[in-house]
Amino acid sequence: QHTKFVLVTGGVASGVGKGSVTSALGVVLRSHGVRVTAVKVDPHLNVDSGQASAFEPGEVYVLDDGGQVDMDLGEYERNLDLRLTAGHWVTSGKIFEQVITREKSGHYLGESVRMVPHATDAVQDWIADVAG
């Protein structure tokens, strides 16, 4: 069976309820027998929330694996009865770090590394890996 994805978007506005909508939708899907996980994608260049401003995106939530993430992941864990990892919070900083590491290890075999397709492929690969 193919993995299906539901995307909840709302631009860069913080505090408009995207996390609550995601959790509520996940609860409804689970009640119908669908296996659900949650992945949050943020445009921040931060690699973890430990160094981010407490005012944006908000408080730091610490996961069981020690990952310091956006507080929405805490809402996902509580409402969906999940145990998430640091990989469930994707930031531009994590993607750039991954692309640069791949480039330095020869993964791109001398190609000019670009946002499209290299960074966009990395985002898609990351989400697919975490969604399992």
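A residue is called buried when its relative accessible area is under 20%, exposed when it is over 50%, and partly exposed in between, with a 1.4 Å probe and protein chains only. The model shown is predicted, so local features need pLDDT of at least 70, side-chain atom pairs count only at pLDDT 80 or more, and totals for chains, interfaces and linings use all residues. Residues are numbered from 1 along each chain as its sequence is written, and side-chain values use heavy atoms, with hydrogens and water left out.

**Figure 1. Overall view of the chain.**
The predicted chain contains four helices and four strands, where helices (H or I, at least four residues) and strands (E, at least two) are DSSP runs numbered from the N terminus. Along the sequence these elements follow the pattern α-β-β-β-α-β-α-α. The radius of gyration is 16 Å, close to the 14 Å given by the globule rule for 132 residues, so the chain is as compact as a globular protein of that length. This radius is taken over C-alpha atoms, and the globule rule is 2.2 Å times the number of residues to the power 0.38. Along the principal axes, the C-alpha atoms fill a box of roughly 50 × 40 × 30 Å. Of the 132 residues, 31% count as buried. Among contacts (heavy atoms within 4.5 Å) with a separation of 6 or more, 52% join residues 24 or more positions apart.

**Figure 2. The nonpolar cores.**
A nonpolar core is a set of buried Ala, Val, Leu, Ile, Met, Phe, Trp, Tyr and Cys residues joined through side-chain atoms within 4.5 Å. The largest such core has ten residues: Val36, Ala38, Leu63, Val69, Leu73, Tyr76, Leu80, Leu82, Leu84 and Trp89. Helix 2 (residues 72–80) gives the most to this core, with three residues. A second, separate core has seven residues, including Val90, Ile95, Ala122 and Trp126.

**Figure 3. Helix 2 and its surroundings.**
Seven of the nine residues of helix 2 are buried, so this helix is largely enclosed by the rest of the structure. The buried residues are Asp72, Leu73, Gly74, Glu75, Tyr76, Glu77 and Leu80. They pack against helix 1 (18–31), strand 1 (40–42), strand 2 (60–62), strand 3 (68–70) and strand 4 (89–91). Tyrosine 76 shows contacts with Gly19, Thr22, Ser23, Ala38, Lys40, Asp81, Leu82 and Leu84, leaving aside its neighbours within four places in sequence.

**Figure 4. Asparagine 79 in helix 2.**
Asparagine 79 also lies in helix 2, but this residue is partly exposed, with a relative accessible area of 42%. With neighbours within four places in sequence left aside, asparagine 79 is in contact with Ser23 and Val27. Histidine 2 is 77 residues from asparagine 79 in sequence, and the two C-alpha atoms are 25 Å apart in space.

Aspartate 81 is found in the loop between helix 2 and strand 4. Its phi is positive, at about 55°, although the residue is not a glycine. With a relative accessibility of 62%, aspartate 81 counts as exposed.

**Figure 5. The loop between helix 3 and helix 4.**
Two residues of this loop are shown here. Leucine 109 has its place in the loop between helix 3 (92–104) and helix 4. The phi of leucine 109 is near 50°, a positive value in a residue other than glycine. At 76% relative accessibility, leucine 109 counts as exposed. Tyrosine 108 lies in the loop between helix 3 and helix 4, yet this tyrosine is buried, with a relative accessible area of 7%. Not counting residues up to four places away in sequence, tyrosine 108 touches Val99, Arg102, Glu103, Val113 and His118. The C-alpha atoms of tyrosine 108 and histidine 118 are 8.7 Å apart, and the two residues are ten apart in sequence.

**Figure 6. A cis peptide bond at proline 117.**
The peptide bond that leads from valine 116 to proline 117 is cis, with omega near 20°. Proline 117 has its place in helix 4 (residues 115–131).
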